Amino acid sequence: MKRTFQLLLCLCVSAICKAGNGDYSIAKITPALMKEANVIKRYEEIKFEVLNVNKARTYKKVAYTILNEKGDESAEIVEMYDKLSNQPSIEATLYDAMGVKVKSLKRSDIKDMSATDDNNLIDDNRLKAFNFYCKNYPYTVEYEVEQDQYYTMFFPGWIPVEKEMMSVQYSSFSVILPADLHFRYKASNGAGEPVKTTVDNKQVFTWKLQDFNAIKREPYAPYWLELVPCVYMAPSEFAIQGYQGNMNSWQDFGKFVYALKKDRDALPAEVKAKVHELTDNIADTHKKVALLYDFMQKNTRYISVQLGIGGWQPFDATYVATKRYGDCKALSNYMFSLLKEAGIPSCYALVKAKNNSFVADFPSSQFNHAILCVPLAKDTMWLECTSQTEAPGYMGDFTGGHYSLLINEAGGTLVKVPGYKMNDNLQVRKTFATVDATGNTEVHENGQYKAIQQEDLHNLINYNAKDKQLERLKSQFDLPQYDVVSFSYKEEKSRIPVINEDVQLNAIGYASVTGKRLFIMPNILSKSSSKPTAADARKYDLVLDLEYKDVDTVEIKIPDGYIPESVPQPQQIATKFGKYTSSVKIEGNKIYYYRSMERISGRFTAAAYNEFVQFYEQIYKADRSKVVMVKAN
Amino acid sequence: MKRSFLFIVLQLCFGLIVSAQEKCVVDFGKVYPKDFDLSKEKVDTAANAVVIADIGRSSFDGNLKGAFSIIFKRQLRIKIQNKNGLDAASFEIPLYQSEGNKQEELGNFKASTYNLENGSVIETKLENSQVFEEKRSKNWVVKKIAMPAVKEGSIIDIVYTVYSDFLFNLHSWEFQGKYPKLWSEYEVNIPEYFTYITLAQGYTPYHIKEESRQLGSFNIMWQDVIGGYDRQSVTGTVNRTRWVMKNVPALKKEAFTTTLDNHVSKLEFQLSEISYPNSMPKSVMSTWNNVGEELRNSEYFGAQLHINNTWLGDEMKTIVAGSKNSLERMKRIYAFVRDNFTCTFHSGSYLTTNSLRTVFKNRSGNVADLNLLLTAMLSYEGFNAYPVLLSTRSHGYTNKIYPVMDKFNYVVTCVKTSSDQWFLDASNPLLGFGKLDEECYNGHARMLVRKNLLPIYFESDSVREEKFTTVFIEMDETGTLNGHVNFTPGYYESMTLRGVVKKKGKEEFEKRIRSNYDSDWHIDSIGIDLLDSLEAPLDLHYELALNNSADIVYINPLLTGGLKNNPFISTERYYPVEMPYAFDELHVFNMEVPRTYEINELPGSVKVTFNGGQGGFEYQITQDDNLIQMKARVYFKRTNFQPEEYQSLRDFFSHVVKKESEQIVLKKKKSL
């Protein structure tokens, strides 16, 4: 189980408004904007003003017309704040369909509450929220928010089209800077270049978007930010809680992160002694790393405390050594310190975990996790330090293949954590089954799962008691009714971790016996459940993240005296998304079944989507095809 | 009142064996190497953590505010068995605060982690700086603790005291929890001035239950005008009760359970009377009548129902304008609240958060706000409308005898005419007039009629979910199938489906129907009727077709509607099965077979009953020349079952699943 630290939420907020002359009558919305929309952003004006390197202010005025219940979500305003930002001021007004003002918000109606994430033991996040709870559709809400923040490390981004089925009538975004400060931006998907002006000796950069029609999300589509106009922004020089930095390049940003973490590697004497006790007599560096990693795993656990700069600066190694806990930053720094004591150089690294949407050519704070990189003679080993159970060097789906910023004294270097390929992500199952005269079926399965295909199981067997494992097994298979007779798992903690499974089931009534016939699906345990829906006009590319391979061999013994009446045809389906093969052979009272499925990752054109749907439909059907046996006489 | 209650308690204790002061052997704050070895204990070896001892003690003392405080002392020792048990090393201690100077305070907090390293015990103390505080709401502050130096095999000792000025908050005790407990003990010492009702539940027997009395003296102090303290000492009898359970297993949630809270072994206390020396006994919460009167007068409940809410006047005129009769007026008012208000907090409280006028203005509120507003609006129009207090199924049962009000969390409205009555809930936009959510059918509830809280029962047995499917299929001479399906789901299933349509649109719904069939079936003309008639179940229908030219055709007469999996997954059950409603599902299948095919095989007819007709399964199939007709019916009239009945319940459904997977076999005739 791995966890990220929380990104300081970018707070949107500055001053002066032209306000409420807006005519929000729905008559002023063009039919094109209404199409496929639940919400229409009628007006948006955001001004992000950097007052000095330590302070910034956001002013936002936004109005949404909510067309139906599905749009209600946009009618609620939620603004975050914490120790590094003021409580936002919020004004709100409700208008009816004709654009006539119905009412304004009273300050006392704003809810104020803790926004501590379940993942964190404690942090200082709080939020303010308000909602008119109007149900007379369509209606319009208008909000004005102003908020000061005491750091400039994060700039808000401009994403005028916030979600699917939202169209935008007008949105503008301005960055206001003192003459002596700089910022950087990257405009994507047609957001365009800003208009530059100078007002009161300040630089003003403004982007605008008008009449953008609603988008409907499609399954397996690229990340949202690849579909809509948006502008990424980041400071050049910035400050946060007394620490100053520069983000012009990955190298510069890395220097700042390095300054936050350097000289935090002192270990207590007894831990140092332990390091030497464990490693001094070992020659192989790889083995040393594995031993120390195991020591770290056994003696720490993940506890996240994110207060102020603590969201960015790791607790020092002594803190972790005595408390025996820390978050990803603290634990990675601790592991770094252990290795250092053993004379093994390593490198603290930031990474974007979970979601792999990343803009590599735009240096900015896009990371949400910390890991450790250990360069060894032959190859490089990566360590996930928040897990007490992971095999040394295995990064998994969480960070495998993702961008990472190596942090050294000289600055940052952007690299990719190695990912996992089809032949790594393997699942091989061998199944033996015996059917009795009533259709009850005893099933004995030996499975082998590797890399990403073993992750669920890894978590199940490491983080759940035997009874929970059983509970999961009891509902895991698509069988009408079954009892788990026995099960066991064996883990091999190698770079590509392997889990061997041995499961015995009693599948009650799995084969259907009616009079003289016996019906049975020879694919007992590995039926595909994916059934994507076909689309008339697919708009966006098809993105498949994971590649893997499944192989099944099944041998089923049925009662004597039956002969085949209907046997599924062998299948060989080869597409650009992967290959599927299955075949059934019957010899006497034995049914032999073979299945293999290879899935390729990649990006495919929208036109290929229906072919993809068809591929899965064929698999779905083939996986459920039945053998029908009939009594011989 | 007081005497009769004490009498009950004493009676209960009589028959119990009082063992001679058996004490827990744990020495808190001192851990020896042998304490790490639990091999001699009867512990579930699969447990991630084991509570070695959990000991609570509540007693009373005078405070500096001229009153009594409750002192709750807790000593806890946990052993972390494996990595999954690390969560047991993080704690939360909630503390209640109210306006004014009343509060709960944490004191004498001591916690350490002990590890066995090379045969010796290493202690790591928790520093006070590692106790974090989160202000969770106006009334609750939570102390959060993450123990240091915890790993597999660690022992954790925690000792703390909570001082509480809230006499109603005598700490409850759960003998059973997420981890198995070797020793769980609770002792309460209650001075004669206070009477508490004890509510006990669970299936584990007490290892010890003992009572005794002793004298106690209490110093009550208060600040006088010049800042010094005045003081009074009183001496009185203290009633001591001690309960111990040993080797309490952890309880696991299974399907068809209202809430585990209804089944764990625990004790709860309710303050019922205060009688200070030289003053009249004051009943704090002794009868339903008292509570009824309080609720009637409470500004958070009934007070607003009994004033003339003239501010409603103008709006009411528009709402009921043009109604033909009183039933229609009622329905209009109900629909107005249901369709125009948002329920922001669904099952948290039976008390209102705002004045009804503010609720009306804000168009939102919790369930009590909305349904009390509904009650007030109906009353304003001259109807007999009353609020009903209940507890939802997932919140747990209410107590029939004692008015334990925090067991209630929900309010609905009852409206009566001389001949009829309806229960209404305006907090759910998908509910029809006169319908309640299945969560409300949780037995005992109370209706406030003037100042009387009258008992009323919502039994799950009384709700019947009826589902009806008919299929007509015609096969032509080439083997192609064409058919028509008509499907009336039960009321609650209809509600769920309406929710899907509302949230995701009809397309999503159609997608779901199509995904039930293999892709070679063509599903067309899907119709959903009665989508807006919230009082009635939906009526769904569609056409289906299958191009087929095979010589042998296998077809399941239930198509996609049969029960595919047994809902009772576990092989054993340790507490009752609680189904949300009774049900009756009927499938009818008609098929016309062409002359070119012969009916080679049909599943056999069967009839099974459960427990003398409380449930049943009928599968009847007939052939009349070239017509096949099948009827399959599964019904249950009862909803609650004891663990002893579990096996037969499971077998019954196993039988249904098996039978409903059987197929009809048609064969093309050799030549015609």
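A crossing of two helices is called left-handed if the near helix is turned anticlockwise from the far one by less than a right angle, and right-handed if clockwise. The model is a predicted one, in which local features need pLDDT of at least 70 and side-chain atom pairs count only at pLDDT 80 or more, while totals for chains, interfaces and linings use all residues. Residues are numbered from 1 along each chain as its sequence is written, and chains are lettered from A and ligands numbered from 1 in the order in which they are written.

Let us begin with that helix pair. Helices (H or I, at least four residues) and strands (E, at least two) are DSSP runs, numbered from the N terminus. In chain A, helix H4 (residues 285-299) packs against helix H6 (residues 328-341) at an angle of about 135 degrees, and their axes are 10 Å apart. Axes here are lines fitted to C-alpha atoms, for helices over the stretch in contact, and angles run from 0 to 180 degrees between N-to-C directions. Angles under 35 degrees count as roughly parallel, over 145 as roughly antiparallel, 65 to 115 as roughly perpendicular and the rest as oblique; H4(A) and H6(A) are therefore oblique to each other. Their crossing is right-handed. H4(A) brings Val289(A), Leu292(A), Tyr293(A) and Met296(A) to the contact, and H6(A) brings Tyr334(A), Met335(A), Leu338(A) and Leu339(A). Contact means that the C-beta atoms of two residues, placed from the backbone, lie within 7 Å. By class, this contact holds eight nonpolar residues, no polar and no charged. Ala, Val, Leu, Ile, Met, Phe, Trp, Tyr, Cys and Pro count as nonpolar, Asp, Glu, Lys and Arg as charged, and the others, Gly among them, as polar.

Now step back to the domains of chain A. The assignment, which is automatic or from a database, gives domain 1 (26-244), domain 2 (249-416) and domain 3 (426-631). The C-alpha centres of domain 1 and domain 2 of chain A lie 35 Å apart. Between them, 18 residues of domain 1 of chain A touch 16 residues of domain 2 of chain A. On the domain 1 side, strand E7 (122-123) and strand E14 (230-235) of chain A each supply at least two residues.

Chain B is divided into domain 1 (2-283), domain 2 (288-458) and domain 3 (464-668). Here you will also find an open sheet of eight strands, with mixed pairing and the order E5-E4-E8-E2-E1-E10-E13-E12. E5 and strand E12 (208-223) of chain B stand at the edges with a single partner strand each, so one side of each has no neighbour in the sheet. Two strands pair if DSSP finds at least two bridges between them. Strand E1 (residues 49-62) and strand E2 (residues 68-80) of chain B pair antiparallel over 13 bridges, with Ser58(B) partnered by Phe72(B). Six bridges join strand E4 (residues 104-117) to strand E5 (residues 120-125) of chain B, also antiparallel, and Thr113(B) stands opposite Thr124(B). E4(B) and E5(B) form a hairpin with two residues between them, where Asn118(B) in the turn has a positive phi of about 50 degrees.

Finally, look at where the chains meet. The contact takes 47 residues from chain B and 45 residues from chain A. On the chain B side, H7(B) gives the largest share, four residues. That side has 14 nonpolar, 16 polar and 17 charged residues.
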